[in-house]
Structure formats: C-alpha cells, structure tokens
Amino acid sequence: MTSTIRVDWPACRARGLCHELLPEVIDLDEWGYPVVTGTVTAELLSDARAAVRACPQLALRLVG
Amino acid sequence: MTSTLAARSPVPLPDDITVLPGPALLAGLTRGPSLAAHRHQFGALPWIGLDVLQDLVGRVGVRGRGGAAFPFATKLETVARRRRPVVVVNFAEGEPASAKDMALALTRPHLVLDGAVAAARALGAREIHVVLPGERVRVQAAMHLASEERDDRMRIRVHTTTHGFVSGQSRAVIELMSGRPNLPVTAWEPEALSGFAGRPTLLSNAETWAQVGLLALGGASSYRRLGTQVEPGSTLVTLTRTGSATTPEVHEVAFGTPWSEVIRPLAPRTEVLVGGFHGSWTRWETLSSMRVSPTEMLAAGIPLGAGVVHVADAATCPLAFTADVAAYLAGESAGRCGPCVNGLPAIARELRAVVGGHGDPARLSRLTGLVTGRGACAHPDGTSRLVRTALTTLADEVEAHLHGRCGRALDADGRAS
Amino acid sequence: MTDGPLLWYLNRSTGVVLLVLLTVSVALGVLSIGGRPGRGLPRFVSQALHRNVALLSVLMLLAHVVTAVVDEYVDIRWWQAVVPVGASYEPLWLGLGTLSLDLVAAVTVTSLLRTRLSLRAWRSVHLLSWAAWVVAVVHSVGIGTDLSSLDGLAVVPAAACVVVVALSLVVRLARPAPPVAGQTWGRSA
C-alpha cells in the first residue's frame with residue numbers, strides 16, 4: 001500500500017527539511033524546492049510522516 | 001536581478017473583434033444582443049428539473065470550453081449531490097489571444113445567462129455569480145447591461161478580476177469571490193466538491209454555459225443536428241495571426257469540421273500555435289489533415305484547449321515569438337510557487353538565449369520538465385507545453401538559430417518585429 | 001520532609017535551570033527560522049533540538065511548580081499555578097510566573113497539535129513564547145530573593161539569558177534573506 005507526498009506549493013518556502021528526512025522520495029531542485037521522485041512505500045512511511053510533521057510551513061501532505 | 005523579461009503580451013488584448021455568424025451559438029447575430037431579441041429567437045427559458053438537465057448534458061456529452069474539456073455532466077452530478085451549491089459563470093478569459101467569451105458577452109449574453117439560470121434553478125441555487133475580465137471593459141459593460149435586462153428573479157452577483165493571465169483560473173476566481181487576492185491557491189479537492197466557502201461550486205466557462213443554454217432552450221435533438229455522433233454540437237474558436245494588425249475572428253465551428261474548411265489554405269510548413277499561450281505548436285500540413293475535434297486533437301498531441309488558433313505569418317520568427325510569449329508568461333506568474341517563480345524566468349531566459357544563438361536546448365528541455373506539475377495551478381505546465389512543442393515542431397528553426405541564422409524578420413534584440 | 005530548605009533549594013534550582021532551558025529554546029527557535037538548507041547542522045536537527053529542549057523545559061517547569069506548592073515554608077496553592085491572581089505569597093511576582101506557565105501551556109498544546117491547526121493559528125500562539133520568556137525572566141528577578149537585592153553576581157543568570165537571546169536575534173537578522181517565491185519576480189502590469 002503506497003502513499004504519495006503532495007506539496008502545497010504556495011506554502012513551501014524551500015526550507016529543505018523534507019529532503020533531509022526523506023531523501024529517497026524527495027529531492028531538491030536547483031532553487032531548493034522539493035521534487036517528489038517516487039511513492040512512499042510501507043517501510044518509508046514513518047520517515048514520510050516525520051517529514052510531513054517537520055515542515056515548518058506545513059506544506060506537505062501524505063495522501064493515500 | 002534585472003527583470004527586463006517582465007514583458008507585455010506579444011498578442012495585445014483585442015479592442016475590436018470580428019464575430020462571424022454561426023449555425024447555433026452564433027445564429028441570428030444581426031438582431032443584436034438584447035433580451036428581447038434573444039427571446040424572439042430562442043423563446044422563453046423552460047423550467048428544467050435536475051434530472052432532465054442531467055439527462056440533457058449527459059446525452060450530448062457537454063465538455064467544458066475553458067480549456068480542460070472536463071465533462072460537464074460529472075461536475076453537475078458532483079454538485080447536485082450536495083447542499084448549498086454555487087453556480088459561477090467564468091467570463092475571465094485571461095488569455096489575450098482568446099476572444100470567444102468576449103464574443104459571447106457582446107452578442108449572446110443571454111444564452112450564457114440562460115444556461116447558468118437553468119442550472120441554478122435545477123440545483124435550487126438562488127443566485128448565480130458572473131466573473132468578468134478586469135481588462136476587457138467592453139465585456140464588463142455588455143454583461144452589466146445584460147444582467148440588468150434579465151426578467152427572471154435569479155439574483156446575479158458580479159465579480160471583476162484583477163487583470164492578469166491567471167486571474168481566470170478556477171481557484172483564483174473563487175479567491176476573488178471570497179474577497180482575497182485573485183490568484184490561484186492549492187486545492188486538495190475539486191471545487192465541485194469544496195469550492196466557494198467550502199460549498200460545492202459549479203464553475204464553468206461562459207461558452208460552456210452557452211452550450212447548456214442551447215440545450216435548455218432547444219433540447220438535445222436539435223443540439224445533435226450539428227457535429228458528429230460522438231461529439232455533437234459546435235464550439236467557438238478564435239483565429240489570430242502574429243505580426244499583423246488583423247483583428248481576431250471568432251468562428252462557431254461544428255465538431256468534426258475539417259480544419260481546412262475553417263482556415264483558408266496556408267503554406268504547408270506554416271507554423272500554427274493551437275491552444276493559445278499554453279498550447280502546442282504544429283504546422284499547417286498536420287492541422288489541415290485534422291478535424292475540429294477535442295478527442296482527435298488531444299490524441300494527436302495538439303489539444304484544442306480553449307480554441308485559440310494562432311497562425312505565424314511568414315515574416316515572423318515563431319521561435320522569437322515563443323520567446324516573447326514565454327517572457328510574458330513568466331511575468332504573469334502569481335508569484336506564489338517556487339518552481340514557477342524561479343522556473344519560468346529561467347525558461348524564458350534560456351529560450352531567449354536559444355533565439356540569440358547561444359542557448360542550450362537540452363537545458364531548456366530539462367527546465368520544462370522540472371516545472372511541470374509543481375505549482376498550485378497549470379501555469380507552469382502550460383508554459384512548459386508551449387516551449388516543449390516549440391523545441392520539437394520548430395526544431396529546424398532552433399537549429400538555424402543555433403547556427404546564427406533565421407529566415408524571418410527579427411529586430412536587433414532578436415525580438416519578433 | 002516538607003520542612004526545611006530541601007524543597008526550597010529544589011525549587012530555586014529548577015527555576016534557574018528552567019530559565020536557562022527556556023532561553024536556549026528561544027534562541028534555537030530564532031536561529032532555526034528562515035535561511036537556506038545545507039548550512040551547518042541539518043535543519044531537522046536544529047528543529048528537533050528546539051523541540052526537545054522546549055519539552056524538557058516543560059518537565060522542569062512541572063518540577064518547579066510541584067516543589068513550590070508542596071513546600072510548606074511558603075503558602076502557595078495548586079490553583080495558583082494556573083491562575084495568575086489571588087496568591088498570598090508574593091502575588092505580583094508569583095502571578096507573573098503563573099502567567100508565564102499559562103503561556104507555555106498554550107504554546108505547548110498548540111505545538112503538539114500543530115498538524116491539526118492552520119499555520120497561522122499555530123504561529124500566532126507560538127509567538128506568545130516571547131511573552132512567556134520575558135515574563136519568566138521578570139518573574140525570576142522579582143521572586144528570587146537573591147536577585148531582588150541586585151547583588152552583583154545574583155543578576156548574572158537572568159542577564160546572561162537576555163544576552164543570549166539578544167545575540168541570537170543579531171545573528172539571525174544579520175543573515176542575508178533567502179530568495180523566496182514572490183520576492184524575485186513580480187507580476188507584470
């Protein structure tokens with residue numbers, strides 16, 4: 001059962017905590033904004049939840 | 001960082017447009033736009049129940065005319081199941097090259113309003129919202145007049161966009177209606193589920209409402225007399241040319257009509273931009289073999305979008321024109337989403353460099369992939385499509401420019417003259 | 001056990017440690033706002049530090065309150081730990097301490113429920129941490145009997161806390177502002 005990371009783009013301020021906590025799924029582009037490169041598998045789920053909680057702008061959601 | 005790129009639209013907003021008579025939407029134009037003339041032509045608006053309306057729009061498969069071609073019946077059904085629905089007529093037409101909604105406002109306002117009123121009655125909504133373009137004063141005047149002429153008791157709330165390319169995006173419209181800046185925001189659900197004030201919102205393009213109006217006034221069988229079996233009815237297209245002072249023409253075209261019957265023959269290699277500034281480049285030799293059909297064109301990779309067809313005249317370099325459009329689009333970003341705010345200017349700059357002979361098409365291509373899908377609205381996606389199709393369809397021109405050549409008229413700055 | 005100076009000293013020592021923890025938490029909060037990723041500590045580390053120091057200070061606050069109430073040397077009731085008025089012992093300075101606790105409670109609860117609130121709601125309550133800290137400093141200077149005489153060394157802890165926070169503000173404000181969506185590119189016309 002895989003989930004997806006969705007970004008609230010107007011809220012995102014390129015702080016990069018999501019990439020630090022979930023580099024397997026979130027890369028950063030050249031301006032520091034997240035690029036979602038894959039889906040969240042079961043073993044990445046707790047890291048994904050941590051990334052969602054850590055975002056200072058609450059700009060991430062875990063869907064599915 | 002200097003923003004010499006914050007540019008005006010290379011296609012100016014039209015003051016004047018030519019609206020050609022058509023088979024259904026644009027029939028009987030000579031009688032004028034008044035309510036009396038409208039009733040004379042179409043009769044009174046019957047009171048239609050929700051199930052009848054759903055049946056009508058479902059049977060003919062009305063699709064949105066705002067660009068996304070979303071099935072209207074699905075939106076209607078979603079809204080109908082919920083409480084306190086909101087009906088919104090979107091005349092905003094942020095695309096400068098498009099004039100079809102303007103044409104409807106000037107010639108057929110009551111057809112649009114009848115469609116919205118019919119739906120509002122069927123849904124039990126007590127008012128309709130009409131969203132007008134801030135930069136098209138004639139449209140505002142025409143719709144204010146038409147609203148005052150109405151003799152049903154449906155309340156009409158008018159909103160006017162702050163000007164801009166993205167001001168007509170559905171969430172931007174809902175923001176405007178809510179008293180907030182007229183710019184897109186992230187939506188976790190479609191507005192038909194949760195839109196204005198969290199209520200189910202049936203927001204559609206003015207032409208979509210005109211189509212619904214035609215159905216409500218004339219029924220499905222007369223509607224089906226035009227078009228094809230799978231795509232009944234007709235659609236409005238705006239025809240424009242780059243580089244010349246001709247006014248835009250709005251045509252009503254039955255679905256399935258070959259493009260060769262809509263546009264006078266052009267040289268086969270003539271570049272044509274289909275779908276407006278968020279559209280796709282193609283050549284006349286490709287388009288002339290196709291028909292006015294959203295399904296067919298989508299399958300061919302040149303989606304019809306909101307029906308803007310822009311022909312590059314022989315003297316204008318289509319690549320330089322695309323660079324002008326890209327610069328304009330970069331300046332029209334709402335400025336809310338990082339990939340758009342950063343990516344679109346980067347794309348515009350790189351494309352300008354390609355036109356100038358020193359850019360990197362590979363980097364340009366990578367940038368277009370980078371911005372797609374990473375914003376609150378489809379502005380980066382559309383810009384990306386424009387540039388990507390330029391790189392593929394206009395590959396010869398790209399090659400020429402990289403070798404310091406161009407076959408067309410360019411000014412000293414490499415801008416289309 | 002409730003006689004004698006043990007609880008008194010525990011209360012005072014938890015108070016000092018609490019002030020230090022609150023100060024560190026505020027300084028970490030100031031330093032971790034803004035800026036681009038990749039400089040020095042990973043951002044999630046400084047965020048976690050801020051959070052953990054804050055939670056630790058809440059525990060210290062509980063200990064500080066318990067020792068104050070249980071100690072029979074001074075008459076402080078349980079309800080005076082949350083209601084800032086009506087105390088008999090040092091009503092002003094104690095009341096300020098209670099006010100600080102109330103503010104810390106609001107900040108803590110909203111932060112634990114952060115993902116369920118809007119960013120704006122959470123942020124406006126979180127800004128009350130400033131008030132909580134300032135009031136805590138004033139409370140410590142006012143109620144700590146050592147400090148009220150303003151003997152040289154006695155004000156040092158409180159003064160040091162103020163200096164630390166001031167420094168963190170200076171460091172933060174001296175950082176160049178990162179490019180943010182909306183600042184680099186305006187809308188045309």
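Mentor: A helix here is a DSSP run of H or I that is at least four residues long, while a strand is a run of E with at least two, and both are numbered from the N terminus. Please keep in mind that this is a predicted model. By that definition chain C has seven helices and zero strands, so that reading along its sequence gives the pattern α-α-α-α-α-α-α. Chain C has 189 residues, of which 37% are buried, and if you take its contacts with a separation of 6 or more, 61% of them involve residues 24 or more positions apart.

Chain B lets us look at a helix pair and at strands as well. In general, two packed helices are described by the angle between their axes and the distance between the axes. Helix α2 (residues 50-60) of chain B and helix α8 (residues 206-223) of chain B have axes that come within 10 Å and cross at roughly 60°, which makes α2(B) oblique to α8(B). The crossing of α2(B) and α8(B) is left-handed. On the α2(B) side, the residues that meet α8(B) include Leu53(B), Leu56(B) and Val57(B), and among their counterparts in α8(B) are Val212(B), Leu215(B) and Tyr223(B). Taken by type, the residues of this contact between α2(B) and α8(B) are eight nonpolar, one polar and one charged.

Strand β3 (residues 127-132) of chain B is mostly covered, with five of its six residues buried. Four bridges join β3(B) to strand β2 (residues 86-90) of chain B, and these two run parallel; there Val87(B) stands opposite Ile128(B) in β3(B). Strand β4 (residues 155-160) of chain B is joined to β3(B) by six bridges, again running parallel, and Val131(B) stands opposite His159(B) in β4(B).

Chain B also has an open sheet of six strands with mixed pairing, in the order β1-β7-β6-β10-β8-β9. Its edges are β1 (18-19) and β9 (280-283) of chain B, each with a single partner strand, so one side of each is left without a neighbour in the sheet.

Terms used: Residues numbered from 1 in each chain as written. Chains lettered and ligands numbered in written order. Predicted model: local features only at pLDDT ≥ 70, side-chain atom pairs only at ≥ 80, totals over all residues. Heavy atoms only, no water. Axes fitted to C-alpha atoms, helices over the stretch in contact; angles between N-to-C directions. Parallel < 35°, antiparallel > 145°, perpendicular 65-115°, else oblique. Left-handed = near helix turned anticlockwise from the far one by under 90°. Contact = heavy atoms within 4.5 Å. Nonpolar A, V, L, I, M, F, W, Y, C, P; charged D, E, K, R; others polar. Buried < 20%, exposed > 50% of the residue type's maximum accessible area, 1.4 Å probe, protein only. Pairing = 2+ DSSP bridges.
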